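These are my notebook entries on a chain that I looked through residue by residue.

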Amino acid sequence: MASRYARALQSFPKGYSLAFAYGSGVFKQIGHQNVRDNMMDFIVAVRDPQAWHQVNMAQNPKHYSSLRLGGPHFISRIQENWGAKIYFNTLIPTHEGMIKYGVISHSSLVADLLDWDTLYVAGRLHKPVLMLHKAEDEELHTALKLNLFFAVHTALLLLPELFSEEQLYMTLAGLSYAGDFRMYVGEDQNKVRNIVGAQIREFRALYTPILKELEEYVILDTLQGMGEQDTSPPARLYHLSMLPKRLQLMLIREWNKDGRSRDLEDVLRAAAHDTDVEDVIHRGIQDIVKISSLTQSIKGIMTAGATKSVRYSWSKVKKMWKSLQR
């Protein structure tokens, strides 16, 4: 399975610490008959974005819009300083089919995985991906694993005591779509359900090791397709204490709106006893995603160029329209 995607990746310069393929061009989704009919999406993390773009612009100049005229330093500055710190080239024809790929710096990737700065790439990694390259890097491996733990702790805080396996995976897959304006304009309205419905096995393989380490707090019976969790204040306090930094800072702001100055420990203890804490967490996730998805989309218009932007946007609108007809 990986060969087609690995071959497409061979056109890129080396020097990436992580590379994966994702989306409907890799995994089955309800409503898509054949993955080969869809564009393949890739993300690569590179340690030196400017150096990587310099080589890539020499090897693949047609991948870039007219922004390439600014040179690799200009491209890397746009990547690092705007949007979700990722630079996309889209609608690239290859021998393996049409591809889109995003470039993010290794340091920005690790920060997003550990803190959910933008939840842009971290959120994509909450769903099954086809890993094509992963460097032997302890910091990276730890960050990738913690990102999945963060997702499970967050999802459990949003779920009731009893839930279905599909509910769990839909909550996990939906985290990075909460607040994304594209879900209202230009995306399949059943996107999360379409992903989960066709990829239960892949979600199970991704999250079973995480859930096994949390058996004190949650049990998932995959034969019955049902899960049960401890929703007592001590259990909720544990999940809250394991949230990524961005969400914990949001909780501190929310609980100190009355002018008091509670520290993190006091806030988490109070939140563990608050029955509405899931609403606060959901709003916090929406705020992260709303900003990063909007700014990245605006940036994408520039990096793709006018013609490609119209073609890509039109394909998304057609998908949304089809989903509304079902």
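**Entry 1: Asp-112**

I looked up Asp-112 and found it in helix H4, residues 106–115. Helices (H or I, at least four residues) and strands (E, at least two) are DSSP runs, numbered from the N terminus. I note that this is a predicted model, in which local features need pLDDT of at least 70 and side-chain atom pairs count only at pLDDT 80 or more, while totals for chains, interfaces and linings use all residues. Residues are numbered from 1 along each chain as its sequence is written, and side-chain values use heavy atoms, with hydrogens and water left out.

Buried means under 20% relative accessible area, exposed over 50%, and partly exposed in between (1.4 Å probe, protein chains only). A salt bridge is a side-chain nitrogen of Lys or Arg within 4 Å of a carboxyl oxygen of Asp or Glu.

I then looked for what lies around Asp-112. A polar atom of its side chain lies 3.1 Å from the backbone nitrogen of Ala-122. With neighbours within four places in sequence left aside, the contacts of Asp-112 (heavy atoms within 4.5 Å) are Asp-117, Thr-118, Leu-119, Tyr-120, Val-121 and Ala-122.

**Entry 2: Aromatic rings**

A pair of aromatic rings is described by the distance of the centres and the angle of the planes. Rings of Phe, Tyr and Trp (its six-membered ring) pair if their centres lie within 6.5 Å; planes under 30 degrees apart count as stacked, over 60 as edge-to-face and the rest as tilted. How many aromatic pairs does the structure hold? I recorded nine.

One of them joins Trp-116 and Phe-150 edge-to-face, with 6.3 Å centre to centre and 85 degrees between the planes. Trp-116 lies in the loop between H4 and helix H5 (121–124) and Phe-150 in helix H6 (residues 138–158), so this pair ties together parts that are 34 residues apart in sequence. Trp-116 is buried, with a relative accessible area of 0%, and Phe-150 counts as buried at 10%.

Next I looked up Tyr-169 and Phe-203: their ring centres are 5.5 Å apart and their planes are at 25 degrees, so the pair is stacked. Because Tyr-169 is in helix H7 (residues 165–174) and Phe-203 in helix H9 (residues 200–212), the pair ties together parts that are 34 residues apart in sequence. Tyr-169 is buried at 0% relative accessible area, and Phe-203 counts as buried at 0%.

I also recorded a cluster in which ring pairs link Phe-12, Phe-42, Trp-52 and Tyr-101.

**Entry 3: Ile-43**

Ile-43 has its place in strand E2, residues 40–46. Is Ile-43 buried or exposed? At 2% relative accessibility, Ile-43 counts as buried. Beyond four places in sequence, the contacts of Ile-43 include Leu-18, Phe-20, Ile-86, Ile-104 and Val-121.

**Entry 4: Salt bridges**

Side chains of opposite charge can pair when their charged atoms come close. My search of the whole structure gave 12 salt bridges.

Arg-7 forms one with Glu-96, and the closest N and O atoms are 2.9 Å apart. The pair links distant parts of the chain, 89 residues apart: Arg-7 is in helix H1 (residues 2–9), and Glu-96 is in the loop between strand E3 (86–94) and strand E4 (97–105). Arg-7 counts as partly exposed at 41% relative accessibility.

Arg-47 and Asp-137 meet in another salt bridge, at 2.8 Å from N to O. Arg-47 lies in the loop between E2 and helix H2 (49–59), and Asp-137 in the loop between strand E5 (130–134) and H6, 90 residues apart. Asp-137 is buried, with a relative accessible area of 15%.

For Arg-236 and Glu-278 I recorded a salt bridge with the closest N and O atoms 4.0 Å apart. Arg-236 lies in helix H10 (residues 233–241) and Glu-278 in helix H13 (residues 277–304), so the pair ties together parts 42 residues apart in sequence. Arg-236 counts as buried at 14% relative accessibility, whereas Glu-278 counts as partly exposed at 26%.

Last, I noted that Glu-254, Lys-257 and Arg-283 are linked in a network of salt bridges.

Note on methods:
A polar contact is a pair of N or O atoms within 3.5 Å; within protein, one must be able to donate a hydrogen and the other to accept it, and residues adjacent in sequence count only if both atoms are side-chain atoms.
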